[in-house]
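Visitor: Please show me the structure, and then let us go through it by question and answer.

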Number of protein chains: 2
Amino acid sequence: MKRVLIAIGGNALYDKDQGNNLELHLLREVCFHIAHVVKRGYLPIITFGNGPQVGNLLAMAEKSADLFPSPIPLDTCVSWTQGEIGYWLANEIYTQLINIGLDYHVVAINTTVEVSPEDPAFQKPSKPVGRFLTQSEAQELYEDRGYIVTQDAGRGYRRLVPSPKPLKILEERAIQKLVEQNIITLCCGGGGVPVFWSDEGVKGIEAVIDKDYTSCLLAKNLQIENLIICTEVDYVYLNYGTSQEKALGQMTLAEAERYLAEGQFSEGSMGPKVAALIDYLKSGGKRALITSIPQMSEALDGNVGTAISCSL
Amino acid sequence: MKRVLIAIGGNALYDKDQGNNLELHLLREVCFHIAHVVKRGYLPIITFGNGPQVGNLLAMAEKSADLFPSPIPLDTCVSWTQGEIGYWLANEIYTQLINIGLDYHVVAINTTVEVSPEDPAFQKPSKPVGRFLTQSEAQELYEDRGYIVTQDAGRGYRRLVPSPKPLKILEERAIQKLVEQNIITLCCGGGGVPVFWSDEGVKGIEAVIDKDYTSCLLAKNLQIENLIICTEVDYVYLNYGTSQEKALGQMTLAEAERYLAEGQFSEGSMGPKVAALIDYLKSGGKRALITSIPQMSEALDGNVGTAISCSL
C-alpha cells in the first residue's frame, strides 16, 4: 500500500465553546476523512497534537493539587493525552472504516522522543501551556517553582515551556514494524513525550515538542512517501488576510524557503508547519502537503491543498 | 527467545502513604526485576493493573467537574492510566536494561478489549471504583446518574461497576507482531478499556476488566509459554492466615480447581488469579506461575512461587 503520514491538530478535536477534551462529532469528522484516505488505497500513519487537551489536564491537575503530594509533571499530562486521544481516535477510525466496509487493525502507541538538554530552546521557553494566570499567580509560580511566565496582552499571564527539536523517536522501530503489517498506527501524540538520557537513565523533561517536527522526523526515517499536515485552511496563502491574498497550489522548496524568510507565514501557526516540511524535503522526503481535514483525500489526488516539492 | 507474560498489579507501583499515582522507587524495583528476567533470556510481555491510579484520576476528574460540561467517563480515565503507567514503566525498563548492559526496544500500547453487553456481570456490578462516598453523596449519584453503590463497613459507600469477561483484544495482532520482533511490549493496562460494538460503532462502556483475565486471554491467543501473575506474596497458600497455613510450590490443574471450589482463595484477591490461570491452562496454556515481584526470575527457574500445571 502507498503510505501517508497525516498530522492532525489537537484543535481539530476540540470545541472551545463546549470545553470537553474531545467532541464526538469532531472525532467522527476527522475519522470519516481518514477512512476515505484508506478507501483510496493509502495506509495512514496518524500523528496528533494535544494543545487544548493538555491545557485542560494541567488545569485539572492544578484543581486537584491537594490530592497528590507532588505536582503532576508535564510529561505525565502529555502521557495522559496520548492515552485518551489515541483511544478515542482508534474507536472512531474502526467505526468509520466498518461503515464503508473496510476492515483494518488500528493501534495507538505511546511515543517518547529524545531531546537534547543542550537544545537552545531550553534557554528560551517559547510555548505557552495551561490556563491564563493572574499577575500574583504568575509571580507565585515563578518564585515557588521557577516557572517562566509571559504576559499575553489583555488576557493575563501564561506559563512558557521550551520546545526543543525532536532527535529520536524511541518507538520508531515498533512503529515501522506495525506499518509494514498494514496496521493503521496512531503515534507521536502531542509531538511525543520529551525525554533525555540522564545519569539516572531515561527521564521526562518539562517541555513540549512541536508535533509537526516529530511527524516530519518520523516520515523521514520511515521513508513515508506522502506527508499531510492538516490545518484550518485548504491552502497556504501569500499575503494572508490582505487584499493581495493568494492561495498557493504548489511551491518549490526554494520558494517555500524564500517565503518563510520573508515572513509570509505566521510564526505560531503556518510558519513552523512550512519549516518542518522544508526540513522533511531536504532530508529526502518526497511529497509534502498542507491542507484542511475535509480536503485530505483531494490533496492526495492533487486537486486541492498546497504541495511543496523539491522541483515542480 | 523464550517468552513470558508478566502481570503486574497497580498496587505494586503505588504507596498509599505517599499518594502519588506512581512512586519512582517502586517503578524502579519492578523494572529492575523485569530487566533481570530479560537477562535470563526471556522476552517479557508486560501487562499492568491500574486500580489505585484510576481511583485517583476519578477523584481528580470529580474535583474538576466544573471545568468540563460532561462528566469524564470511566473509559477515558482508564485510557489516561494506560498512557501514564505505560510511559513511566517504559522509561524505567529502558533504564534498568541499560544499567545491566542490555539494549532492547520497549513500547507501550493502548489496549481496547471487546466485552459483551450481554455479559451477566452487567446485571451485577461488583468492582468498587473511586473514592469512598458519604451516604448523601452515594444517594445523589444513584439518583442523578444511576450509579450502583455499596456500603463498605465502617468506611462509607463506594460506586460499583461491572467487571465483564474480556472477549477480544482489538490490538492483539499488533502485540503479536511486536513480540515477534523481540520488542518488549507493555499492554492491557487496567485489563484494557472495555468496548462493545453498538449500532453507532465501537463504544466504551462503564465497566472495568480484570487485568489477570485479559492477561490470560492474551497469553492463550499468542501462545506465550510462561505466564506469571505477580502478587504480594511469594506463594499461594492453603489455609492462609491460620495456624495450618501451607505454601504451595506446585498444584495440578485438578487441585487448583478443587481448592478454588473449597473457597481456599480469597474472592477479591487470590481467587480470581487462580481462576484466570485455570482458564489459561484449560485453553492450552503451558506454565502458570503466581509469585511476588522480587521472585519472578526465581519462579521462572522453578525455585520459588506456586506453579500450576496440567499434570505434575
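Visitor: In what order do the strands of the open sheet of four strands in chain A run?

Guide: This is a predicted model, in which local features need pLDDT of at least 70, side-chain atom pairs count only at pLDDT 80 or more, and totals for chains, interfaces and linings use all residues. Residues are numbered from 1 along each chain as its sequence is written, chains are lettered from A and ligands numbered from 1 in the order in which they are written, and side-chain values use heavy atoms, with hydrogens and water left out. Helices (H or I, at least four residues) and strands (E, at least two) are DSSP runs numbered from the N terminus, and two strands pair if DSSP finds at least two bridges between them. With β8 (168-169) and β11 (201-204) of chain A as edge strands, each pairing on one side only, the sheet has mixed pairing and the order β8-β4-β10-β11.

Visitor: Which residue in β10(A) stands opposite A:T112?

Guide: Strand β4 (residues 112-114) of chain A pairs with strand β10 (residues 193-198) of chain A over three bridges, in the parallel sense. The residue in β10(A) that A:T112 stands opposite is A:V193.

Visitor: Which helix gives the largest share of the side of chain A that touches chain B?

Guide: Contact, meaning heavy atoms within 4.5 Å, joins 54 residues of chain A to 54 residues of chain B. The rule for a salt bridge (a side-chain nitrogen of Lys or Arg within 4 Å of a carboxyl oxygen of Asp or Glu) finds four across this interface, among them A:K63 with B:D66, whose closest N and O atoms are 2.7 Å apart. Elements giving two or more residues to this side of chain A include α2 (51-63) and α3 (74-99), and the largest share, 14 residues, comes from α3(A).

Visitor: Is B:H33 buried or exposed?

Guide: B:H33 lies in helix α1 (residues 24-39) of chain B, and, leaving aside neighbours within four places in sequence, B:H33 is in contact with B:I293, B:P294, B:M296 and B:S297. Buried means under 20% relative accessible area, exposed over 50%, and partly exposed in between (1.4 Å probe, protein chains only). At 14% relative accessibility, B:H33 therefore counts as buried.
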